Amino acid sequence: MRWRLGGAGWASWLWSVEDEELRAAASYAMQPEALGDFMETVRDLLLGCKATFVTLFDEPNGTRVFFNQDGEEVFVQVVSYPTWGSRRTGGRTRSWCGPDGSPARSS
């Protein structure tokens, strides 16, 4: 997992498992505290929170990353929306589970 600052007003979150890479962008114009929001989510997991999520806005797209923790395992689900308004009607879902990040499913 990496966070990369891009051009003026942009950052990218990169999630990589085996040969698969997922990239989500965040616009600082729409979400000035994107990195801070993500770090708060990680902090919540470290403090024992069982489930949390972070939303990244990428005009007009959006990505929501869900984390669910069970003991030492963390399950990750990434849902990407072509437009943020479409979040109620569907999006592309990617899920990973387990300590090694093994792919669970994709739809």
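These are my notebook entries on a predicted model of a protein.

**Entry 1: the overall layout.** I began with the secondary structure and found one helix and eight strands. Reading from the N terminus, I wrote the order down as β-β-β-α-β-β-β-β-β.

**Entry 2: whole-protein numbers.** I looked up burial next: of the 107 residues in the protein, 36% are buried. The exposed surface comes to about 6,300 Å², and carbon and sulfur atoms supply 53% of it. I also checked the contacts with a separation of 6 or more, and 25% of them are between residues 24 or more positions apart.

Entry 3: Then I turned to strands β2 (residues 10-17) and β3 (residues 20-27), which run antiparallel and are joined by eight bridges. Which residue in β3 is the bridge partner of Ser 12? I found Ala 25 there.

**Entry 4: Val 65.** My last stop was strand β5 (residues 61-70), where Val 65 lies. Is Val 65 buried or exposed? Its relative accessible area is 0%, so I logged Val 65 as buried. Leaving out residues up to four places away in sequence, I listed what Val 65 touches: Trp 13, Thr 52, Phe 53, Val 54, Val 76, Gln 77 and Val 78. I also took one C-alpha distance: Val 65 and Ser 80 are 15 residues apart along the chain, and their C-alpha atoms are separated by 8.6 Å.

Technical notes
Residues numbered from 1 in each chain as written. Predicted model: local features only at pLDDT ≥ 70, side-chain atom pairs only at ≥ 80, totals over all residues. Heavy atoms only, no water. Pairing = 2+ DSSP bridges. Helix = DSSP H or I, 4+ residues; strand = E, 2+ residues; numbered from the N terminus. Buried < 20%, exposed > 50% of the residue type's maximum accessible area, 1.4 Å probe, protein only. Contact = heavy atoms within 4.5 Å. Areas by Shrake-Rupley, 256 points an atom, 1.4 Å probe, with all protein chains shown as cover.
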